[in-house]
Amino acid sequence: MAAQRGVLFQEKVSRMLSKQHGRPVLKPNKPLVLKDEVANRRVKRGGASCVTEISVLMACWKQNSFVESVCSAETKAFYSCVDEAQAAKKNTSELSAMQGERLPPKQATLLLKRFPNLRTEI
């Protein structure tokens, strides 16, 4: 079904570009080919983790005039949360590498330059 739509779309574009009726209906101002690079955008980062733990730790410090020995339980909870978050991030990065999600822009550009598109129009 999708292939049939693609063929119909290609036929429509070629009809619009043809000079059968005198002049072309559609005159592109740029070549109708894909570039061999993608925009170099930043990859979206994940949300902040352990926000509640650090806010509890900072509140404890403020209440106790920044004496660290009094807030040892909160400090331990914060560090354990950070360790869990780092382990979870490592596991998800390994899984995403195995599943093949989106490529970062630099890798996509590298692959497109290695295997360039045809430079002829439709």
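This is a tour of one predicted chain, stop by stop, with what to select and what is there.

The model is predicted, so local features need pLDDT of at least 70 and side-chain atom pairs count only at pLDDT 80 or more, while totals for chains, interfaces and linings use all residues. Residues are numbered from 1 along each chain as its sequence is written, and side-chain values use heavy atoms, with hydrogens and water left out.

**Whole chain**

Start with the chain in cartoon view. The secondary structure comes to 4 helices and 0 strands. Helices (H or I, at least four residues) and strands (E, at least two) are DSSP runs, numbered from the N terminus. Read along the sequence, the pattern is α-α-α-α. Buried residues make up 10% of the 122 residues; buried means under 20% relative accessible area, exposed over 50%, and partly exposed in between (1.4 Å probe, protein chains only).

**First disulfide**

Select C50 and C81 and show their side chains. These two cysteines form a disulfide, with sulfur atoms 2.1 Å apart; a disulfide here is a pair of cysteine sulfur atoms within 2.5 Å. The bond ties together distant parts of the chain: C50 is in the loop between α1 (2–17) and α2 (51–63), C81 is in helix α3 (residues 72–99), and the two are 31 residues apart. The torsion about the S-S bond of C50 and C81 is about -100°, so this disulfide is left-handed. C50 counts as buried at 8% relative accessibility, and C81 counts as buried at 14%. Stay on C50 and look at the backbone: its phi is positive, about 65°, although C50 is not a glycine.

Next select C60 and C71. A disulfide joins C60 to C71, with an S to S distance of 2.0 Å. This pair also links distant parts of the chain, with C60 in helix α2 and C71 in the loop between α2 and α3, 11 residues apart. The S-S torsion of C60 and C71 is about -95°, so this disulfide is left-handed. Both C60 and C71 are buried.

With both bonds on screen, the count comes to 2 disulfides. Counting bonded cysteines along the chain, the disulfides follow the pattern 1-4, 2-3.

At 1.5 Å a residue, the 13 residues of α2 should span 18 Å, and the end C-alpha atoms are 18 Å apart, which agrees. The expected span is 1.5 Å times one less than the number of residues in the helix.

Move on to S65, which follows α2 and has a positive phi, near 55°. Then select F66, in the loop between α2 and α3. F66 has a positive phi of about 60° although it is not a glycine.

**Aromatic pair**

Select F78 and Y79. The count comes to 1 aromatic pair. F78 and Y79 form this pair, which is tilted, at 5.6 Å centre to centre with 55° between the planes. Rings of Phe, Tyr and Trp (its six-membered ring) pair if their centres lie within 6.5 Å; planes under 30 degrees apart count as stacked, over 60 as edge-to-face and the rest as tilted.

**Nonpolar patch**

Switch to a surface view and select L103, L111 and F115. These residues make a nonpolar surface patch of about 300 Å². Patches are made of residues with over 30% relative accessible area and no salt bridge, joining like charges within 9 Å and nonpolar side chains (Val, Leu, Ile, Met, Phe, Trp, Tyr) within 5 Å. A salt bridge is a side-chain nitrogen of Lys or Arg within 4 Å of a carboxyl oxygen of Asp or Glu. Accessible areas come from the Shrake-Rupley method with a 1.4 Å probe, and for residues only the protein chains shown count as cover. F115 is found in the segment after α4 (105–114) and counts as exposed at 55% relative accessibility.

**Last stop**

Select K35 and P116. Their C-alpha atoms are separated by 8.4 Å, although the two residues are 81 residues apart along the chain. K35 is found in the loop between α1 and α2. At 62% relative accessibility, K35 counts as exposed.
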